[in-house]
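Dear colleague,

My notes on it follow.

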Amino acid sequence: AFAAVGGSRLFAALQRAAPRKMNARAGTFDDDAPIRIDQDDEEEEDEDEDDAMHQGTPDEGGEIIHRWLCLVIDHFGNAGGFDAVLEMLHDPTRVTLRTFDAVMTAMARCAIVLDDQLLARFEENAQVALDHLQDIVTRGDSSLVGSSPSERDRRYLHLGSALRSLRKVLSACVGDPEAEKRVSRVERAMVEGMLSISTFNMQLIALREINLMLATASNSKLLGTEESASAMQTAVKWLDMKKVLPHVLRPVYLHHKQYVDQVAAVLRFLLKEDALAETHVDMLWDITQKQDTFEEVKHNVYDLLTSLAWHFNGDQLDQLFLRFESAGGGMTAADSGKLSEMIQKLARGDNGGQMAERLLALLWRMVHAGETGAAGLEMIDAFAHVLGHYDWMEIVRKEEYLRRQLLEDLRNGPTSDLAIPLQLSKAILMHDTAYPNGSGDAENGAGAKGKRMLKKKRKASVAREQHVSRRDWLRRVDEENNLTELLVSSLERYQAAAWSDGADAPHGISLEDYFQT
(Lines give C-alpha, C1' and ligand atoms only; values in the text may rest on other atoms or scores of the structure.)
Protein backbone atom coordinates (compact mmCIF):
# COMPACT_ATOMS: atom_id res chain seq x y z
CA ALA A 1 0.00 0.00 0.00
CA PHE A 2 2.83 2.39 0.80
CA ALA A 3 4.45 1.63 -2.56
CA ALA A 4 1.14 2.27 -4.31
CA VAL A 5 0.74 5.67 -2.68
CA GLY A 6 4.34 6.63 -3.49
CA GLY A 7 3.96 5.40 -7.05
CA SER A 8 0.76 7.42 -7.42
CA ARG A 9 2.47 10.62 -6.33
CA LEU A 10 5.49 10.12 -8.57
CA PHE A 11 3.30 9.13 -11.49
CA ALA A 12 1.09 12.17 -10.98
CA ALA A 13 4.10 14.49 -10.84
CA LEU A 14 5.48 13.05 -14.09
CA GLN A 15 2.05 13.33 -15.71
CA ARG A 16 1.88 16.99 -14.79
CA ALA A 17 5.40 17.55 -16.11
CA ALA A 18 4.91 15.72 -19.39
CA PRO A 19 2.51 18.17 -21.07
CA ARG A 20 4.71 21.12 -20.14
CA LYS A 21 7.79 19.36 -21.53
CA MET A 22 6.05 18.39 -24.73
CA ASN A 23 4.51 21.81 -25.29
CA ALA A 24 7.75 23.61 -24.60
CA ARG A 25 10.02 21.29 -26.56
CA ALA A 26 7.66 19.92 -29.22
CA GLY A 27 8.19 16.34 -28.07
CA THR A 28 7.32 13.52 -30.42
CA PHE A 29 5.46 11.34 -27.91
CA ASP A 30 1.86 10.69 -28.93
CA ASP A 31 -0.23 10.73 -25.75
CA ASP A 32 -3.23 9.30 -27.62
CA ALA A 33 -1.45 6.00 -28.25
CA PRO A 34 -0.60 4.57 -24.79
CA ILE A 35 1.88 1.73 -24.52
CA ARG A 36 0.69 -1.53 -22.94
CA ILE A 37 2.91 -2.84 -20.16
CA ASP A 38 3.01 -6.45 -18.96
CA GLN A 39 4.06 -6.76 -15.35
CA ASP A 40 6.05 -9.93 -16.12
CA ASP A 41 8.20 -8.27 -18.80
CA GLU A 42 11.85 -7.94 -17.92
CA GLU A 43 13.66 -4.66 -18.40
CA GLU A 44 15.51 -4.76 -21.70
CA GLU A 45 17.09 -1.32 -21.63
CA ASP A 46 20.68 -1.55 -22.80
CA GLU A 47 23.35 0.88 -21.82
CA ASP A 48 22.90 3.08 -24.91
CA GLU A 49 19.17 3.43 -24.32
CA ASP A 50 19.79 4.22 -20.66
CA ASP A 51 22.24 6.95 -21.68
CA ALA A 52 19.68 8.33 -24.12
CA MET A 53 17.11 8.49 -21.33
CA HIS A 54 19.37 10.67 -19.21
CA GLN A 55 21.07 12.69 -21.95
CA GLY A 56 18.21 13.31 -24.37
CA THR A 57 18.10 16.41 -26.49
CA PRO A 58 15.47 19.08 -25.82
CA ASP A 59 13.41 17.78 -28.75
CA GLU A 60 13.24 14.37 -27.07
CA GLY A 61 11.94 15.74 -23.76
CA GLY A 62 8.38 14.44 -24.18
CA GLU A 63 9.56 10.96 -25.10
CA ILE A 64 11.94 10.86 -22.14
CA ILE A 65 9.13 11.77 -19.74
CA HIS A 66 6.95 9.05 -21.26
CA ARG A 67 9.75 6.48 -20.74
CA TRP A 68 9.91 7.45 -17.10
CA LEU A 69 6.16 6.97 -16.74
CA CYS A 70 6.39 3.51 -18.20
CA LEU A 71 9.42 2.71 -16.07
CA VAL A 72 7.61 3.63 -12.85
CA ILE A 73 4.64 1.39 -13.70
CA ASP A 74 6.84 -1.45 -14.94
CA HIS A 75 9.01 -1.37 -11.84
CA PHE A 76 5.90 -1.33 -9.62
CA GLY A 77 4.60 -4.44 -11.37
CA ASN A 78 7.93 -6.29 -11.25
CA ALA A 79 8.12 -5.59 -7.51
CA GLY A 80 4.77 -7.36 -7.00
CA GLY A 81 2.76 -4.19 -6.61
CA PHE A 82 -0.11 -5.18 -8.88
CA ASP A 83 -0.36 -8.60 -7.22
CA ALA A 84 -0.71 -6.89 -3.84
CA VAL A 85 -3.39 -4.56 -5.20
CA LEU A 86 -5.34 -7.47 -6.69
CA GLU A 87 -5.24 -9.26 -3.33
CA MET A 88 -6.53 -6.12 -1.65
CA LEU A 89 -9.41 -5.89 -4.14
CA HIS A 90 -10.27 -9.52 -3.53
CA ASP A 91 -10.37 -8.91 0.25
CA PRO A 92 -10.90 -5.18 1.00
CA THR A 93 -11.30 -5.90 4.73
CA ARG A 94 -7.52 -6.11 4.97
CA VAL A 95 -7.12 -2.34 4.69
CA THR A 96 -8.88 0.81 5.85
CA LEU A 97 -10.98 2.90 3.49
CA ARG A 98 -8.30 5.57 3.54
CA THR A 99 -5.65 3.13 2.30
CA PHE A 100 -8.10 1.61 -0.17
CA ASP A 101 -8.75 5.10 -1.59
CA ALA A 102 -5.02 5.87 -1.91
CA VAL A 103 -4.28 2.59 -3.69
CA MET A 104 -7.18 2.98 -6.12
CA THR A 105 -6.05 6.54 -6.90
CA ALA A 106 -2.72 5.08 -8.01
CA MET A 107 -4.41 2.35 -10.08
CA ALA A 108 -6.72 4.85 -11.78
CA ARG A 109 -3.67 6.81 -12.97
CA CYS A 110 -1.99 3.90 -14.70
CA ALA A 111 -4.90 1.63 -15.72
CA ILE A 112 -4.93 2.84 -19.33
CA VAL A 113 -1.44 1.44 -20.02
CA LEU A 114 -1.86 -2.01 -18.46
CA ASP A 115 -2.02 -5.11 -20.66
CA ASP A 116 -5.25 -6.99 -21.34
CA GLN A 117 -4.37 -10.00 -19.18
CA LEU A 118 -3.77 -7.85 -16.10
CA LEU A 119 -6.91 -5.80 -16.81
CA ALA A 120 -8.98 -8.99 -16.92
CA ARG A 121 -7.78 -9.84 -13.40
CA PHE A 122 -8.58 -6.30 -12.28
CA GLU A 123 -12.12 -6.59 -13.62
CA GLU A 124 -12.81 -9.79 -11.69
CA ASN A 125 -11.39 -8.54 -8.39
CA ALA A 126 -12.86 -5.05 -8.72
CA GLN A 127 -16.32 -6.59 -8.86
CA VAL A 128 -15.60 -8.42 -5.61
CA ALA A 129 -14.57 -5.12 -4.03
CA LEU A 130 -17.71 -3.36 -5.29
CA ASP A 131 -19.94 -6.06 -3.80
CA HIS A 132 -18.15 -5.68 -0.47
CA LEU A 133 -18.45 -1.88 -0.48
CA GLN A 134 -22.16 -2.03 -1.24
CA ASP A 135 -22.61 -4.48 1.61
CA ILE A 136 -20.91 -2.27 4.22
CA VAL A 137 -22.90 0.74 3.04
CA THR A 138 -26.20 -1.11 3.22
CA ARG A 139 -25.46 -2.53 6.66
CA GLY A 140 -23.90 0.65 8.03
CA ASP A 141 -20.83 -1.38 8.98
CA SER A 142 -18.52 -0.08 11.70
CA SER A 143 -15.67 0.06 9.18
CA LEU A 144 -17.66 2.87 7.50
CA VAL A 145 -19.48 4.73 10.28
CA GLY A 146 -16.50 4.81 12.65
CA SER A 147 -16.67 5.88 16.28
CA SER A 148 -17.34 9.62 15.84
CA PRO A 149 -19.15 11.91 13.39
CA SER A 150 -15.92 13.40 12.07
CA GLU A 151 -14.40 9.97 11.50
CA ARG A 152 -17.59 8.82 9.74
CA ASP A 153 -17.54 11.87 7.44
CA ARG A 154 -13.91 11.25 6.47
CA ARG A 155 -14.59 7.60 5.68
CA TYR A 156 -17.56 8.46 3.48
CA LEU A 157 -15.33 10.92 1.61
CA HIS A 158 -12.68 8.22 1.11
CA LEU A 159 -15.36 5.82 -0.08
CA GLY A 160 -16.68 8.28 -2.67
CA SER A 161 -13.18 8.99 -3.95
CA ALA A 162 -12.33 5.27 -4.13
CA LEU A 163 -15.48 4.56 -6.16
CA ARG A 164 -14.57 7.24 -8.68
CA SER A 165 -11.11 5.68 -9.05
CA LEU A 166 -12.65 2.23 -9.42
CA ARG A 167 -14.80 3.58 -12.25
CA LYS A 168 -11.65 4.67 -14.12
CA VAL A 169 -10.04 1.28 -13.61
CA LEU A 170 -13.15 -0.56 -14.80
CA SER A 171 -13.45 1.80 -17.79
CA ALA A 172 -10.07 0.52 -18.96
CA CYS A 173 -11.33 -3.03 -18.45
CA VAL A 174 -14.88 -3.04 -19.83
CA GLY A 175 -15.49 0.43 -21.27
CA ASP A 176 -17.18 3.54 -19.88
CA PRO A 177 -20.87 2.49 -20.13
CA GLU A 178 -20.41 -0.82 -18.32
CA ALA A 179 -18.12 0.75 -15.70
CA GLU A 180 -20.73 3.45 -15.06
CA LYS A 181 -23.42 0.81 -14.66
CA ARG A 182 -21.45 -1.22 -12.11
CA VAL A 183 -20.08 1.61 -9.97
CA SER A 184 -23.17 3.86 -9.95
CA ARG A 185 -25.14 1.10 -8.22
CA VAL A 186 -22.80 1.31 -5.23
CA GLU A 187 -22.66 5.12 -5.37
CA ARG A 188 -26.43 5.34 -5.13
CA ALA A 189 -26.42 3.05 -2.09
CA MET A 190 -23.70 5.25 -0.55
CA VAL A 191 -25.72 8.44 -1.11
CA GLU A 192 -28.82 6.85 0.41
CA GLY A 193 -26.77 6.10 3.50
CA MET A 194 -25.49 9.67 3.62
CA LEU A 195 -28.97 11.16 3.31
CA SER A 196 -30.15 9.10 6.26
CA ILE A 197 -27.67 11.00 8.47
CA SER A 198 -29.21 14.33 9.43
CA THR A 199 -26.06 16.42 10.04
CA PHE A 200 -25.38 19.39 7.76
CA ASN A 201 -21.93 18.12 6.75
CA MET A 202 -23.27 14.77 5.64
CA GLN A 203 -26.20 16.29 3.76
CA LEU A 204 -23.79 18.62 1.94
CA ILE A 205 -21.43 15.74 1.10
CA ALA A 206 -24.39 13.74 -0.20
CA LEU A 207 -25.42 16.60 -2.50
CA ARG A 208 -21.90 16.89 -3.86
CA GLU A 209 -21.82 13.16 -4.55
CA ILE A 210 -25.17 13.39 -6.35
CA ASN A 211 -23.78 16.15 -8.55
CA LEU A 212 -20.67 14.11 -9.32
CA MET A 213 -22.86 11.11 -10.18
CA LEU A 214 -25.05 13.20 -12.49
CA ALA A 215 -22.00 14.77 -14.15
CA THR A 216 -20.51 11.34 -14.82
CA ALA A 217 -23.82 10.02 -16.14
CA SER A 218 -24.14 13.09 -18.36
CA ASN A 219 -20.63 12.57 -19.77
CA SER A 220 -21.45 8.92 -20.39
CA LYS A 221 -24.56 10.01 -22.26
CA LEU A 222 -22.40 12.02 -24.66
CA LEU A 223 -20.88 8.78 -25.95
CA GLY A 224 -24.01 8.41 -28.03
CA THR A 225 -24.80 4.73 -27.50
CA GLU A 226 -28.13 3.50 -26.18
CA GLU A 227 -26.39 1.90 -23.19
CA SER A 228 -24.64 5.19 -22.38
CA ALA A 229 -27.86 7.22 -22.62
CA SER A 230 -29.55 4.94 -20.09
CA ALA A 231 -27.07 6.02 -17.39
CA MET A 232 -28.72 9.43 -16.96
CA GLN A 233 -32.20 7.92 -17.22
CA THR A 234 -31.32 5.50 -14.43
CA ALA A 235 -29.97 8.32 -12.25
CA VAL A 236 -33.08 10.46 -12.78
CA LYS A 237 -35.37 7.52 -12.10
CA TRP A 238 -33.47 6.79 -8.88
CA LEU A 239 -33.83 10.41 -7.71
CA ASP A 240 -37.57 10.17 -8.22
CA MET A 241 -38.03 6.70 -6.76
CA LYS A 242 -36.06 7.47 -3.58
CA LYS A 243 -37.72 10.92 -3.24
CA VAL A 244 -34.32 12.57 -3.04
CA LEU A 245 -35.51 16.03 -4.14
CA PRO A 246 -38.27 16.35 -1.53
CA HIS A 247 -35.59 15.48 1.03
CA VAL A 248 -32.95 17.99 -0.11
CA LEU A 249 -35.50 20.78 -0.78
CA ARG A 250 -36.59 20.95 2.82
CA PRO A 251 -35.91 24.41 4.31
CA VAL A 252 -33.74 22.94 7.07
CA TYR A 253 -30.40 23.85 5.44
CA LEU A 254 -31.46 26.31 2.77
CA HIS A 255 -30.04 29.21 4.76
CA HIS A 256 -26.54 27.90 3.88
CA LYS A 257 -25.39 29.37 0.56
CA GLN A 258 -23.05 26.47 -0.24
CA TYR A 259 -25.91 24.01 0.31
CA VAL A 260 -28.20 26.02 -2.00
CA ASP A 261 -25.46 26.09 -4.67
CA GLN A 262 -25.32 22.28 -4.66
CA VAL A 263 -29.13 22.06 -4.83
CA ALA A 264 -29.09 24.45 -7.80
CA ALA A 265 -26.57 22.25 -9.62
CA VAL A 266 -28.79 19.17 -9.17
CA LEU A 267 -31.87 21.04 -10.43
CA ARG A 268 -29.99 22.35 -13.47
CA PHE A 269 -29.03 18.78 -14.40
CA LEU A 270 -32.69 17.80 -14.17
CA LEU A 271 -33.74 20.79 -16.28
CA LYS A 272 -31.19 19.79 -18.90
CA GLU A 273 -32.77 16.33 -19.01
CA ASP A 274 -36.31 17.77 -19.00
CA ALA A 275 -36.90 15.92 -15.74
CA LEU A 276 -37.72 18.79 -13.36
CA ALA A 277 -41.37 18.43 -12.40
CA GLU A 278 -43.73 21.25 -11.48
CA THR A 279 -44.02 19.70 -8.04
CA HIS A 280 -40.33 20.43 -7.45
CA VAL A 281 -40.80 24.11 -8.30
CA ASP A 282 -43.91 24.13 -6.09
CA MET A 283 -41.82 22.90 -3.17
CA LEU A 284 -39.47 25.86 -3.54
CA TRP A 285 -42.24 28.37 -4.08
CA ASP A 286 -44.19 27.14 -1.05
CA ILE A 287 -41.14 27.83 1.12
CA THR A 288 -41.22 31.50 0.09
CA GLN A 289 -44.92 31.79 0.93
CA LYS A 290 -44.81 30.43 4.48
CA GLN A 291 -44.92 33.12 7.14
CA ASP A 292 -42.61 31.21 9.50
CA THR A 293 -39.82 30.79 6.92
CA PHE A 294 -36.60 32.57 7.90
CA GLU A 295 -35.78 35.63 5.81
CA GLU A 296 -32.37 34.24 4.84
CA VAL A 297 -34.02 31.08 3.53
CA LYS A 298 -36.51 33.12 1.50
CA HIS A 299 -33.71 35.23 0.08
CA ASN A 300 -31.73 32.14 -0.99
CA VAL A 301 -34.77 30.43 -2.51
CA TYR A 302 -35.71 33.53 -4.52
CA ASP A 303 -32.12 33.66 -5.83
CA LEU A 304 -32.31 29.94 -6.61
CA LEU A 305 -35.54 30.36 -8.58
CA THR A 306 -34.01 33.31 -10.45
CA SER A 307 -30.99 31.25 -11.52
CA LEU A 308 -33.21 28.35 -12.58
CA ALA A 309 -35.59 30.57 -14.56
CA TRP A 310 -32.89 31.11 -17.18
CA HIS A 311 -33.06 27.38 -17.94
CA PHE A 312 -36.88 27.18 -18.00
CA ASN A 313 -38.77 26.63 -21.22
CA GLY A 314 -41.71 28.87 -22.16
CA ASP A 315 -44.32 26.77 -20.36
CA GLN A 316 -42.25 26.60 -17.17
CA LEU A 317 -41.75 30.37 -17.21
CA ASP A 318 -45.48 30.92 -17.63
CA GLN A 319 -46.20 28.62 -14.69
CA LEU A 320 -43.64 30.44 -12.54
CA PHE A 321 -45.16 33.81 -13.42
CA LEU A 322 -48.63 32.51 -12.60
CA ARG A 323 -47.32 31.71 -9.12
CA PHE A 324 -46.08 35.30 -8.83
CA GLU A 325 -49.51 36.63 -9.74
CA SER A 326 -51.43 34.33 -7.42
CA ALA A 327 -49.23 35.33 -4.49
CA GLY A 328 -49.41 39.08 -5.16
CA GLY A 329 -52.64 39.74 -3.26
CA GLY A 330 -51.53 38.28 0.06
CA MET A 331 -47.84 39.17 0.25
CA THR A 332 -46.30 41.28 2.98
CA ALA A 333 -44.36 44.39 2.03
CA ALA A 334 -41.08 42.53 2.66
CA ASP A 335 -42.07 39.56 0.49
CA SER A 336 -43.35 41.89 -2.21
CA GLY A 337 -39.96 43.60 -2.18
CA LYS A 338 -38.17 40.25 -2.60
CA LEU A 339 -40.43 39.27 -5.47
CA SER A 340 -39.94 42.67 -7.11
CA GLU A 341 -36.17 42.33 -6.81
CA MET A 342 -36.32 38.82 -8.31
CA ILE A 343 -38.24 40.07 -11.34
CA GLN A 344 -35.80 42.96 -11.80
CA LYS A 345 -32.85 40.54 -11.60
CA LEU A 346 -34.40 38.48 -14.38
CA ALA A 347 -34.72 41.64 -16.48
CA ARG A 348 -31.16 42.83 -15.78
CA GLY A 349 -29.79 39.49 -16.90
CA ASP A 350 -31.95 39.42 -20.04
CA ASN A 351 -29.45 41.06 -22.36
CA GLY A 352 -31.04 39.53 -25.44
CA GLY A 353 -34.57 40.54 -24.51
CA GLN A 354 -35.98 36.99 -24.60
CA MET A 355 -38.07 37.64 -21.49
CA ALA A 356 -39.00 41.27 -22.20
CA GLU A 357 -42.61 40.79 -23.28
CA ARG A 358 -43.27 38.13 -20.63
CA LEU A 359 -41.86 40.19 -17.77
CA LEU A 360 -43.60 43.40 -18.77
CA ALA A 361 -46.92 41.58 -19.26
CA LEU A 362 -46.47 39.93 -15.84
CA LEU A 363 -45.81 43.23 -14.08
CA TRP A 364 -48.66 44.89 -15.96
CA ARG A 365 -51.09 42.26 -14.68
CA MET A 366 -49.71 42.44 -11.14
CA VAL A 367 -49.98 46.23 -11.08
CA HIS A 368 -53.59 46.08 -12.29
CA ALA A 369 -54.51 43.38 -9.77
CA GLY A 370 -55.58 46.15 -7.38
CA GLU A 371 -52.80 45.75 -4.82
CA THR A 372 -52.67 48.73 -2.45
CA GLY A 373 -50.14 50.25 -0.10
CA ALA A 374 -46.43 49.51 -0.18
CA ALA A 375 -46.86 46.28 -2.17
CA GLY A 376 -48.70 48.08 -4.97
CA LEU A 377 -46.12 50.85 -5.13
CA GLU A 378 -43.37 48.22 -5.17
CA MET A 379 -44.79 46.65 -8.33
CA ILE A 380 -45.29 50.04 -10.00
CA ASP A 381 -41.66 50.92 -9.27
CA ALA A 382 -40.53 47.51 -10.55
CA PHE A 383 -42.48 48.04 -13.78
CA ALA A 384 -40.80 51.42 -14.34
CA HIS A 385 -37.32 49.98 -13.70
CA VAL A 386 -37.85 46.93 -15.96
CA LEU A 387 -39.27 49.05 -18.77
CA GLY A 388 -36.42 51.53 -18.28
CA HIS A 389 -33.87 48.70 -18.54
CA TYR A 390 -35.30 47.40 -21.80
CA ASP A 391 -35.54 50.97 -23.12
CA TRP A 392 -31.86 51.49 -22.32
CA MET A 393 -31.08 48.20 -24.10
CA GLU A 394 -33.17 49.44 -27.06
CA ILE A 395 -35.36 46.34 -26.90
CA VAL A 396 -38.65 48.05 -25.90
CA ARG A 397 -39.09 51.80 -26.26
CA LYS A 398 -40.80 53.29 -23.22
CA GLU A 399 -42.39 56.06 -25.31
CA GLU A 400 -44.15 53.46 -27.44
CA TYR A 401 -45.24 51.53 -24.37
CA LEU A 402 -46.51 54.72 -22.73
CA ARG A 403 -48.45 55.70 -25.84
CA ARG A 404 -49.79 52.23 -26.60
CA GLN A 405 -50.82 51.16 -23.10
CA LEU A 406 -50.97 53.85 -20.46
CA LEU A 407 -52.25 56.87 -22.36
CA GLU A 408 -54.89 54.71 -24.00
CA ASP A 409 -56.04 53.57 -20.55
CA LEU A 410 -56.22 57.19 -19.40
CA ARG A 411 -58.36 58.11 -22.42
CA ASN A 412 -60.71 55.15 -22.60
CA GLY A 413 -60.18 52.97 -19.53
CA PRO A 414 -62.78 52.44 -16.80
CA THR A 415 -63.12 55.42 -14.51
CA SER A 416 -62.53 53.24 -11.45
CA ASP A 417 -59.07 52.22 -12.72
CA LEU A 418 -57.72 55.63 -13.71
CA ALA A 419 -55.48 55.92 -10.65
CA ILE A 420 -53.34 52.95 -11.70
CA PRO A 421 -52.35 54.13 -15.20
CA LEU A 422 -51.74 57.60 -13.79
CA GLN A 423 -49.35 56.28 -11.16
CA LEU A 424 -47.64 54.10 -13.78
CA SER A 425 -47.33 57.06 -16.13
CA LYS A 426 -45.70 59.14 -13.42
CA ALA A 427 -43.24 56.34 -12.53
CA ILE A 428 -42.28 55.84 -16.17
CA LEU A 429 -42.02 59.55 -16.99
CA MET A 430 -39.83 60.25 -13.95
CA HIS A 431 -37.59 57.18 -14.36
CA ASP A 432 -34.19 57.98 -15.86
CA THR A 433 -32.97 55.39 -18.34
CA ALA A 434 -29.89 57.25 -19.52
CA TYR A 435 -26.74 56.24 -17.63
CA PRO A 436 -23.92 58.62 -18.62
CA ASN A 437 -20.52 57.21 -17.74
CA GLY A 438 -18.17 59.85 -16.45
CA SER A 439 -14.56 59.56 -17.53
CA GLY A 440 -12.15 58.38 -14.90
CA ASP A 441 -9.14 60.05 -16.54
CA ALA A 442 -9.35 63.10 -14.26
CA GLU A 443 -9.05 60.88 -11.21
CA ASN A 444 -5.62 59.60 -12.16
CA GLY A 445 -3.10 60.93 -9.71
CA ALA A 446 -5.74 62.41 -7.41
CA GLY A 447 -5.73 61.60 -3.72
CA ALA A 448 -8.62 60.04 -1.81
CA LYS A 449 -10.16 63.43 -0.99
CA GLY A 450 -9.75 64.62 -4.56
CA LYS A 451 -11.41 61.50 -5.93
CA ARG A 452 -14.39 62.00 -3.61
CA MET A 453 -14.77 65.59 -4.79
CA LEU A 454 -14.55 64.57 -8.45
CA LYS A 455 -17.09 61.81 -7.90
CA LYS A 456 -19.46 64.26 -6.19
CA LYS A 457 -19.11 66.78 -9.05
CA ARG A 458 -19.64 64.09 -11.65
CA LYS A 459 -22.75 62.87 -9.84
CA ALA A 460 -24.17 66.42 -9.79
CA SER A 461 -23.36 66.83 -13.48
CA VAL A 462 -25.14 63.59 -14.32
CA ALA A 463 -28.18 64.69 -12.31
CA ARG A 464 -28.34 67.98 -14.25
CA GLU A 465 -28.05 66.16 -17.57
CA GLN A 466 -30.83 63.76 -16.59
CA HIS A 467 -33.04 66.66 -15.44
CA VAL A 468 -32.64 68.47 -18.76
CA SER A 469 -33.19 65.23 -20.70
CA ARG A 470 -36.33 64.43 -18.69
CA ARG A 471 -37.82 67.91 -19.24
CA ASP A 472 -37.18 67.70 -23.00
CA TRP A 473 -38.73 64.26 -23.14
CA LEU A 474 -41.79 65.33 -21.12
CA ARG A 475 -42.25 68.35 -23.37
CA ARG A 476 -42.13 66.16 -26.47
CA VAL A 477 -44.61 63.64 -25.02
CA ASP A 478 -46.94 66.48 -24.02
CA GLU A 479 -46.84 68.03 -27.49
CA GLU A 480 -47.41 64.75 -29.30
CA ASN A 481 -50.12 63.34 -27.02
CA ASN A 482 -51.75 66.37 -25.34
CA LEU A 483 -50.62 64.91 -22.03
CA THR A 484 -51.60 67.89 -19.84
CA GLU A 485 -55.12 68.02 -21.24
CA LEU A 486 -55.44 64.25 -20.90
CA LEU A 487 -54.41 64.28 -17.24
CA VAL A 488 -56.83 67.10 -16.36
CA SER A 489 -59.75 65.44 -18.16
CA SER A 490 -59.02 62.09 -16.50
CA LEU A 491 -59.03 63.80 -13.10
CA GLU A 492 -62.40 65.42 -13.88
CA ARG A 493 -63.88 62.07 -14.87
CA TYR A 494 -62.47 60.42 -11.75
CA GLN A 495 -63.80 63.22 -9.50
CA ALA A 496 -67.26 63.14 -11.04
CA ALA A 497 -67.52 59.37 -10.66
CA ALA A 498 -66.38 59.48 -7.03
CA TRP A 499 -68.91 62.19 -6.09
CA SER A 500 -71.78 60.55 -7.94
CA ASP A 501 -71.19 57.27 -6.11
CA GLY A 502 -70.93 59.04 -2.78
CA ALA A 503 -68.01 56.81 -1.87
CA ASP A 504 -64.25 56.95 -1.56
CA ALA A 505 -62.08 56.30 -4.57
CA PRO A 506 -61.66 52.60 -5.43
CA HIS A 507 -58.70 50.47 -4.38
CA GLY A 508 -58.24 52.58 -1.24
CA ILE A 509 -56.86 55.59 -3.17
CA SER A 510 -58.46 58.85 -2.04
CA LEU A 511 -59.22 61.75 -4.35
CA GLU A 512 -56.52 63.76 -2.60
CA ASP A 513 -53.94 61.04 -3.26
CA TYR A 514 -55.02 60.89 -6.88
CA PHE A 515 -54.78 64.67 -7.30
CA GLN A 516 -51.30 64.78 -5.76
CA THR A 517 -50.12 62.00 -8.08
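**Core and aromatic pairs**

Leaving aside neighbours within four places in sequence, Met-107 is in contact with Phe-76, Phe-82, Val-85, Phe-122 and Val-169. Please note that this is a predicted model.

The structure holds nine aromatic pairs. One of them is formed by Phe-82 and Phe-122, edge-to-face, at 6.3 Å centre to centre and with 80° between the planes. This pair links distant parts of the chain, as Phe-82 lies in helix H4 (residues 81-90) and Phe-122 in helix H6, 40 residues apart. Phe-82 counts as buried because its relative accessibility is 2%, and Phe-122 counts as buried at 1%.

Trp-364 and Phe-383 form a tilted pair, 6.0 Å centre to centre, with 55° between the planes. Trp-364 belongs to helix H18 (residues 356-367) and Phe-383 to helix H19 (residues 373-392).

The buried residues of H14 are His-280, Val-281, Leu-284, Trp-285, Ile-287 and Thr-288. They cover an arc of only 150° around the axis, so they are on the same side of H14.

Asp-115 is found in the loop between helix H5 (97-110) and helix H6 (116-139). With 12% relative accessibility, Asp-115 counts as buried, and its side chain reaches the backbone nitrogen of Leu-118 at 3.1 Å.

Yours sincerely

Conventions. Residues are numbered from 1 along each chain as its sequence is written. This is a predicted model: local features need pLDDT of at least 70, side-chain atom pairs count only at pLDDT 80 or more; totals for chains, interfaces and linings use all residues. Side-chain values use heavy atoms; hydrogens and water are left out. Buried means under 20% relative accessible area, exposed over 50%, partly exposed in between (1.4 Å probe, protein chains only). Helices (H or I, at least four residues) and strands (E, at least two) are DSSP runs, numbered from the N terminus. The arc is that of the directions from the helix axis to the C-beta atoms. A polar contact is a pair of N or O atoms within 3.5 Å; within protein, one must be able to donate a hydrogen and the other to accept it, and residues adjacent in sequence count only if both atoms are side-chain atoms. Contact means heavy atoms within 4.5 Å. Rings of Phe, Tyr and Trp (its six-membered ring) pair if their centres lie within 6.5 Å; planes under 30 degrees apart count as stacked, over 60 as edge-to-face and the rest as tilted.
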